[in-house]
Amino acid sequence: MSQQSVLVQAPASTSNCGPGFDTLSIALTLYNFVRITSREDAQIVSIGEAAEGTQAMVEATTRGFLDLAGVEYGGFDYEIWGDVPLARGLGSSATVRASIVAGLNALTGSPLDQDAMIRLTTQLDNAPDNACAVFAGGFCIARTDPDSFAYREHVRFGLPESLMFVAVSPAYQVLTKNSRRVLPDSIPFNDVVRSANSLAFLVGALVSGEFARLKGAVNDYIHQPYRELLNPFGHESIQAGCNDGAFTGWLSGSGSTVICVTDKAHALQVGAAMQQVYKSNGVSSRVYRLVADNTGLTVS
């Protein structure tokens with residue numbers, strides 16, 4: 001068998017976007033890369049040092065793909081690199097799982113369409129929002145089954161380069177499994193109503209392009225309040241960004257990254273204000289000034 005190889009570029013994503021829990025996501029111009037190269041044997045081998053848990057993730061994703069696609073494929077080497085930080089709420093695990101799915105799909109004649117690949121990645125990653133964004137790019141709204149919560153379909157919209165997403169990642173990790181444990185089994189009715197109102201307005205403002213109307217309009221009462229203890233100084237950082245010119249902000253995924261949405265004119269000062277909150281409290285952090293990736297995952 002001749003050696004075959006593909007390179008997958010997968011964008012980071014910010015999910016939930018405040019009140020859109022497990023529903024809204026935006027792909028961002030921050031990337032991970034995965035190269036898959038076929039082997040003569042049946043082994044799946046990491047080239048270079050892989051992060052803890054990566055081998056098991058790649059193997060499980062491979063089994064899921066082969067079972068769903070109904071195809072056979074031998075072993076392969078894989079190499080992962082990029083700038084998406086681990087366990088920071090920017091969809092790092094989704095970039096890896098989606099890249100393995102898309103790469104194997106390309107190497108086996110593309111038996112799965114995009115929706116099937118999103119559905120599989122959602123099953124593996126338990127995050128329909130991130131899965132949509134990494135494959136489709138842009139601003140995505142995921143529809144899930146009301147009984148099983150399984151991914152059904154999505155709609156997406158492109159966002160202009162004039163809209164900036166200032167992401168600040170503090171030097172502490174938040175694991176998704178831990179952040180889901182702190183969520184309540186039930187939520188007060190008024191909190192659901194307030195969140196639904198904010199969610200609808202957020203979608204309308206992003207789709208219409210009336211971004212300035214996001215000021216003071218994006219609030220969440222479903223997950224962010226319960227995750228504050230896992231994300232120290234996150235709320236304060238978002239508030240600092242909004243006070244310095246951002247339209248709005250939110251906890252990215254389950255954290256620890258926080259996002260502020262702004263225009264290009266305010267991006268530098270918003271990032272500085274957000275980072276200063278962490279610095280004042282003895283926490284180092286990194287600032288990313290990003291725009292929406294409207295292309296999504298690519299395979300070459």
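Which residue takes a positive phi in the hairpin of strand 8 and strand 9? Glycine 253 does, with phi near 60 degrees, and the hairpin has six residues between the strands.

1. Basis. The model is predicted: local features need pLDDT of at least 70 and side-chain atom pairs count only at pLDDT 80 or more, while totals for chains, interfaces and linings use all residues. Numbering runs from 1 along each chain as its sequence is written, and side-chain values use heavy atoms, with hydrogens and water left out.

2. Helices (H or I, at least four residues) and strands (E, at least two) are DSSP runs, numbered from the N terminus. Two strands pair if DSSP finds at least two bridges between them. Strand 9 covers residues 258-263. Strand 7 (residues 163-170) pairs with strand 9 in the antiparallel sense over six bridges, and phenylalanine 165 stands opposite valine 261. Strand 8 (residues 248-251) is also antiparallel to strand 9, over four bridges; here tryptophan 250 has isoleucine 259 as its bridge partner. Five of the six residues of strand 9 are buried (buried is under 20% relative accessible area, exposed over 50%, partly exposed in between, with a 1.4 Å probe and protein chains only).

3. Loop between strand 8 and strand 9. Serine 256 lies in this loop. The peptide bond from glycine 255 to serine 256 is cis, with omega near 10 degrees. Most residues other than glycine have a negative phi, and most peptide bonds are trans.

4. Asparagine 16, in the loop between strand 1 and strand 2, has a positive phi near 75 degrees. Asparagine 16 counts as buried because its relative accessibility is 2%. Serine 110 has a positive phi of about 55 degrees and sits in the loop between helix 2 (92-107) and helix 3 (114-125). Its relative accessibility is 46%, so serine 110 counts as partly exposed.

5. Aromatic pairs. Rings of Phe, Tyr and Trp (its six-membered ring) pair if their centres lie within 6.5 Å; planes under 30 degrees apart count as stacked, over 60 as edge-to-face and the rest as tilted. The whole structure holds two aromatic pairs. Phenylalanine 33 and tryptophan 81 are stacked, 5.8 Å centre to centre with 15 degrees between the planes. Phenylalanine 33 is in strand 2 (residues 24-38) and tryptophan 81 in strand 4 (residues 76-82), so this pair ties together parts that are 48 residues apart in sequence. Phenylalanine 139 and phenylalanine 157 have ring centres 6.5 Å apart and planes at 35 degrees, so the pair is tilted. Phenylalanine 139 lies in strand 5 (residues 139-144) and phenylalanine 157 in strand 6, so parts 18 residues apart in sequence are tied together. Phenylalanine 139 is buried at 0% relative accessibility, whereas phenylalanine 157 is partly exposed at 31%.

6. Glutamine 9. Glutamine 9 is in strand 1 (residues 5-15) and counts as partly exposed because its relative accessibility is 26%. Leaving aside neighbours within four places in sequence, glutamine 9 is in contact (heavy atoms within 4.5 Å) with Tyr31, Asn32, Phe33, Leu297 and Thr298. Glutamine 9 and valine 96 are 87 residues apart in sequence and 9.7 Å apart in space, C-alpha to C-alpha.
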